[in-house]
Amino acid sequence: MTAVDVVAALKARGETVATAESLTAGLVAAEITTVPGASAVLRGGLVVYATDLKASLAGVDAALLAAHGAVHPEVARQLAEGARTRCGATWGLGLTGVAGPDPQDGVDAGTVHIGLSGPSGSAVETITVGGDRHEVRHASVIAALDLLRDHLKIAQA
């Protein structure tokens, strides 16, 4: 029900969201569109699976990517900001992580960083998910939507 909650809250506030997704490759945006009326709140999304696209499409600092790799909390924050600004949305979500089964650049499978960018600033949440690729990606989608939902409730209070 998280996507339903997010769409309803964004509609009630007259706000929008956009995504920049790496490990989820568009699954967050796809989940939002399962809700009737999602077109009123989803501005768009960037699938930035390749590291160079994180910089060229989403605006992630190339020096950050070179120094720390694609799976880093600050990369998630910059992905969220890039989604928000490039798509002209109120809120941006950015996801990067390792779905597995093998580690990537020394980062263990199941490590996921979720960035959020909004009118009052940004936040990053890091989660560790067990399971196979499907389970890691699915849990990442739910966590991203939960993060946005929780910030919408906070901003409303």
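At 1.5 Å a residue, the 12 residues of helix α1 (residues 2-13) should span 16 Å, and the end C-alpha atoms of α1 lie 17 Å apart, which agrees. The buried residues of α1 are Thr 2, Ala 3, Val 6, Val 7 and Leu 10. They sit on the same side of α1, because they cover an arc of only 130° around the axis. After α1 comes Gly 14. The phi of Gly 14 is positive, near 70°. This is a predicted model.

Next comes strand β3.

Strand β3 covers residues 91-97 and is mostly covered, with seven of its seven residues buried. Which residues line each face of β3? Trp 91, Leu 93, Leu 95 and Gly 97 lie on one side. Gly 92, Gly 94 and Thr 96 lie on the other. Both faces are covered.

β3 also pairs with two other strands, as the table shows.

| Partner of β3 | Sense | Bridges |
|---|---|---|
| Strand β1 (residues 17-21) | parallel | five bridges |
| Strand β4 (residues 111-118) | antiparallel | six bridges |

Each pairing can be located by a facing pair of residues. Which residue of β3 stands opposite Val 17? That residue is Trp 91. On the β4 side, Gly 97 stands opposite Val 112. Both Trp 91 and Gly 97 are buried, and they belong to one side of β3.

Key. Residues numbered from 1 in each chain as written. Predicted model: local features only at pLDDT ≥ 70, side-chain atom pairs only at ≥ 80, totals over all residues. Heavy atoms only, no water. Buried < 20%, exposed > 50% of the residue type's maximum accessible area, 1.4 Å probe, protein only. Helix = DSSP H or I, 4+ residues; strand = E, 2+ residues; numbered from the N terminus. Pairing = 2+ DSSP bridges. Expected span 1.5 Å × (residues − 1). Arc of directions from axis to C-beta.
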